[in-house]
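Work through the exercises below with the model open. Each task is followed by a stepwise solution.

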Amino acid sequence: MSKASTPLDRIRNFSIIAHIDHGKSTLADRLIQRTGGLTDREMSAQVLDNMDIEKERGITIKAQTVRLNYRAKDGLDYELSLMDTPGHVDFAYEVSRSLAACEGALLVVDAAQGVEAQTLANVYQSIEHDHEIVPVINKIDLPAAEPDKVKKEIEDIIGISAEDAVLASAKSGIGIDEVLEAIVTRIPPPKGDREAPLKAMLVDSWYDPYLGVVILVRVVEGVLRKGQEIKFMATGTRHLVDRVGCMRPKIEQLTELAAGEIGFITAQIKEVSQTAVGDTITDAKKPTAEALPGFKTVQPVVFCGLFPVDAADFEKLRDSLYKLRLNDASFSFEAESSAALGFGFRCGFLGLLHLEIIQERLTREYDLDLITTAPSVVYKIQLAHGKGELDLHNPADMPDVMQIASIDEPWIEATIYVPDEYLGSLLKLCQDRRGIQKNLTYVSGRAQITYELPLNEVVFDFYDRLKSISRGYASFDYHQIGYREGDLVKMSIMVNAEPVDALSMIVHRSTAETRGRGMCERLKDLIPRHLFKIPVQAAIGGKVIARETIAAMRKDVTAKCYGGDASRKRKLLDKQKEGKKRMREYGSVQIPQEAFIAALRMGDEG
Amino acid sequence: MNPSPGPGRGAALRENRGDPSTALGERQGGDLALYIHWPFCVSKCPYCDFNSHVRAGVDEDRWRAALLSDMAHEATSLPGRRLTSIFFGGGTPSLMPPATVAALIAAAERHWGFAPDIEITLEANPSSVEAARFADLGAAGINRVSLGLQSLDDDALAFLGRAHGVAEGLAALETAQAAFARVNFDLIYALPGQSLAAWQAMLTHAIGLGTGHLSLYQLTIEPGTRFATLAAQGKLVPADPDHAADLFEATRALTTAAGLPAYEVSNHARPGEESRHNLTYWRQGDYAGIGPGAHGRRHGHATIRHRKPENWLAAMDRNAHGIAEDDILTPEARATEALLMGLRLAEGIDPAAIAARTGIATARLVDAAAVARLETLGLVAQRRDRLIVTEAGMLLLDAILPQVVAIG
Ligand SMILES: Nc1nc2c(ncn2[C@@H]2O[C@H](COP(=O)(O)OP(=O)(O)OP(=O)(O)O)[C@@H](O)[C@H]2O)c(=O)[nH]1
Ligand code: SF4
Ligand SMILES: [Mg+2]
């Protein structure tokens with residue numbers, strides 16, 4: 001076990017703010033390497049990104065922390081705590097808690113890409129937390145790097161001085177010492193009374209197979225010790241601390257964490273769902289008077305159905321979801337059944353990326369073959385005759401129109417940042433998606449637009465459209481701004497006059513026809529031709545709003561078949577019959593599961 | 001020409017009759033067809049997935065002896081049968097020495113005896129070299145020839161990788177018509193880019209040539225062929241299925257009008273001119289198959305000979321037969337084959353007869369609900385005791401079969 005706490009003035013807590021791929025994790029790796037946290041041999045690229053998905057996709061999902069020991073040019077030893085935060089809007093709340101745990105931030109901006117919307121959102125949050133911001137212009141090794149232009153952008157757009165920005169290349173190790181010095185000299189040390197009752201923030205938590213639930217904390221006041229009985233103020237539970245430590249990034253056990261320090265604890269907690277990010281941890285016997293501000297419970301905002309392709313995998317899917325939830329309390333699931341897709345689960349996520357990550361982990365880590373239904377949001381249905389309000393997570397559960405007084409849908413405020421030349425198409429996209437323009441400003445050849453948009457329109461491939469319209473140059477960030485009434489309808493898809501439950505969705509009346517037509521056209525290509533012609537229709541209530549017809553198949557016959565081909569034909573028949581098992585039947589139409597998957601996977605305009 | 005085997009070989013044949021593996025005492029009477037495979041070709045056609053091989057030199061004596069003993073092996077397991085047809089297929093059996101053909105026919109007659117109207121067919125390439133042998137082949141006992149004409153258009157023949165041209169092919173056809181009582185020829189259609197009008201013109205020409213039988217195959221890209229490679233590279237674009245359907249319908253119309261209606265998916269004949277040998281396959285008759293890769297179906301067994309010529313020869317040396325696999329067909333498998341093969345025929349199947357033969361109730365054979373559904377679509381029909389796939393249905397046979405066939 002290590003020595004007691006470091007004096008406050010030798011501590012620096014900082015986070016790294018960056019847009020996706022601007023090099024946050026790579027820079028973190030360099031800092032760890034330079035301060036000797038890991039030997040070269042132990043360094044695998046992006047050590048802080050633990051999950052396979054994080055390493056592979058190069059994105060950070062969970063907040064990670066690492067404590068670095070650094071002897072500065074002033075000859076003194078400092079204890080630097082680095083917080084690598086997720087860089088995606090889906091995890092905005094987690095980001096805000098990580099930021100709240102620090103006194104400063106490195107603002108990493110890609111020297112070739114410049115400032116992006118997400119950088120802005122996080123940087124404003126950081127400024128709100130009174131952070132000292134140290135701009136780091138990364139990737140100066142790139143031929144396309146334009147550090148001066150980026151400096152000007154930082155000043156113009158963010159409004160902070162970039163005169164002393166550190167020019168770095170995390171990849172080639174340029175400017176790393178300068179970054180470390182800037183942390184020590186420019187970011188203020190934490191404050192906090194070590195004698196006061198314990199007050200610590202629960203920054204993040206995760207499940208470790210050996211340690212159980214590990215909780216990342218920032219001690220704000222007082223001291224957190226091994227053996228202490230603590231209380232989670234929001235959830236109200238009490239636990240006995242059995243380990244206190246920090247990550248370097250390897251685990252190091254300590255006797256205590258004092259005000260100003262970041263570290264971890266374990267307290268014999270079995271499930272991550274028992275811990276709430278942003279909660280205040282205090283001493284059970286000598287509690288603090290007031291909890292830390294800013295706590296909120298995160299609610300899933302995007303829902304979809306997950307079904308095993310092979311019905312026999314249902315139990316396996318359930319077990320896998322339980323296991324994933326051990327480590328991620330922010331998604332929810334409940335059993336659901338569909339005529340088309342069989343038994344599965346309705347799952348809730350923080351956003352689309354979150355959805356994708358969970359889906360990918362299920363397929364990859366748990367080896368499941370899944371069908372994902374179209375993502376939808378939570379609607380609030382006001383029932384007629386004052387019968388109250390209903391939260392609708394699944395279009396299939398929508399009550400009859402006669403029972404509905406009105407439907408409210410969630411709205412967001414989006415900040416989009418886009419080079420001038422794509423502005424026109426972008427405005428059109430937002431307009432098409434029922435957006436309300438709130439603000440439009442130009443800074444150095446780029447436009448910053450603020451739009452209010454229904455979330456429903458965003459979960460449906462908005463992000464993909466945005467990327468393709470702007471050739472990847474637009475960036476996008478959002479936060480929810482509450483519910484508003486909308487003229488929403490349930491659109492059903494019918495194949496050979498029979499509704500296909502898995503394809504029904506809730507849409508705004510004004511976009512129903514376009515969406516319906518898109519879906520019908522897609523299905524026309526995806527459903528194989530049959531011996532008879534098949535109408536594919538989109539309908540609202542009883543009214544058909546779009547229609548396509550799949551022509552009858554005209555030819556499917558083996559030209560040649562003689563003696564030896566008898567066994568071959570038998571094998572072919574077996575294969576055809578086997579294939580039939582993967583089909584779902586609607587109005588005597590066999591729809592291959594692949595068609596559902598493709599229909600649901602593809603975006604709006606295909 | 002030497003139509004009978006030498007005395008030494010005859011002795012070997014007689015010895016083989018003592019083979020204990022066939023001494024089951026199971027004497028089954030009835031008709032039998034015999035297939036003889038000659039696996040060699042001058043070159044490999046780009047669409048061909050048959051068991052055909054190009055070899056520099058073929059030891060003809062050895063091959064003759066080997067085929068004879070493979071036949072003898074079949075004879076020991078099939079005593080008391082009578083041959084209704086023999087079919088020399090390939091490969092290119094017209095490259096066989098006529099003497100070998102004669103020896104094989106004579107041996108077959110000795111083993112089993114012939115039905116009075118036995119059909120003895122040989123597949124031939126329509127080249128001048130081969131046409132020169134037609135008279136000898138006729139003398140050897142061949143009474144029906146099936147010519148691989150494939151097209152009546154020189155560009156199409158070049159595309160199909162054929163060695164002959166149209167003029168040479170037509171000359172060979174004339175020679176064949178003079179030498180043999182019955183002549184069939186094959187055409188391949190629905191080639192990339194082939195228009196409906198062009199095909200109709202070619203078919204009209206073909207019908208005018210006056211044979212009693214026509215095999216008209218739509219080009220199929222078979223896996224493992226050169227065409228399959230080209231198709232995968234996008235260098236060959238197969239005909240659009242809807243267009244191919246138009247061509248198929250035009251084929252039916254023209255041949256029917258000319259008095260050569262289709263009696264099977266791709267086979268057309270003047271009534272009475274159908275290939276009896278092939279009908280045996282489609283009607284679930286027994287047939288023995290000898291030579292490399294040949295299949296047989298006899299007293300409930302499915303036999304396959306070694307495919308590669310060298311392997312087959314080695315097996316012959318080792319075992320005095322070329323069988324690589326001999327599987328007992330379950331009643332379900334036999335019934336399935338009866339349905340799959342029988343429904344290719346215009347005459348369709350008699351479910352009750354199949355049920356009686358296999359012991360599987362008709363209700364288990366055929367999906368009655370599917371039949372009813374397909375009947376309303378006009379794709380199948382029930383005519384007295386028979387279930388048939390209609391003209392309209394024939395084009396969709398592969399999609400219909402898995403619905404109708406309940407077993408398997
Ligand atoms: N050329 C160059 N590439 C860099 C540099 N720093 C990072 N990269 C590359 O940029 C990509 C993204 O880097 P990351 O460190 O994963 O980015 P990130 O900001 O952590 O991304 P998120 O975790 O998704 O927010 C990787 O391919 C890095 O190798 C640099 O200085 N120069
Ligand atoms: S001649 Fe016939 S068997 Fe020989 S390669 Fe050509 S198509 Fe195949
Ligand atoms: Mg990262």
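**Exercise 1.** Describe the secondary structure and burial of chain A in this predicted model.

Solution. Start with the elements: 14 helices and 34 strands make up the count for chain A. Next take burial: chain A has 606 residues, and 49% of them count as buried. Then turn to sequence separation: among contacts in chain A with a separation of 6 or more, 70% join residues 24 or more positions apart.

**Exercise 2.** Which residues have the most contacts inside the largest nonpolar core?

Solution. The largest nonpolar core holds 165 residues. Those with the most contacts inside it are A:Leu107, A:Val136, A:Val179, A:Val217, A:Leu224 and A:Ile416. Now follow A:Ile416: beyond its neighbours within four places in sequence, it contacts A:Ala117, A:Leu426, A:Ile449, A:Tyr451, A:Ala474 and A:Phe476. Another core, of 110 residues, lies apart and includes B:Ala124, B:Ala172, B:Leu247 and B:Leu339.

**Exercise 3.** How many residues does each chain bring to the contact between chain A and chain B?

Solution. Chain B gives 35 residues and chain A gives 23. On the chain B side, at least two residues each come from β6 (213-218), α10 (241-257), α11 (276-282), β8 (287-290), α13 (331-342) and α18 (397-404). By class, this side of chain B has 23 nonpolar, eight polar and four charged residues.

**Exercise 4.** Sort the shell around ligand 2 by class.

Solution. List the surroundings: B:Cys41, B:Lys44, B:Cys45, B:Cys48, B:Phe50, B:Ser52, B:Gly90, B:Gly91, B:Thr92, B:Asn125 and B:Gly148. Sorting the shell gives four nonpolar, six polar and one charged residues.

Definitions and conventions. Residues numbered from 1 in each chain as written. Chains lettered and ligands numbered in written order. Predicted model: local features only at pLDDT ≥ 70, side-chain atom pairs only at ≥ 80, totals over all residues. Near = placed C-beta within 6 Å. Nonpolar A, V, L, I, M, F, W, Y, C, P; charged D, E, K, R; others polar. Contact = placed C-beta atoms within 7 Å. Helix = DSSP H or I, 4+ residues; strand = E, 2+ residues; numbered from the N terminus. Buried ≥ 20, exposed ≤ 12 C-beta atoms within 10 Å, placed from the backbone. Core = buried A, V, L, I, M, F, W, Y, C linked by C-beta atoms within 7 Å.
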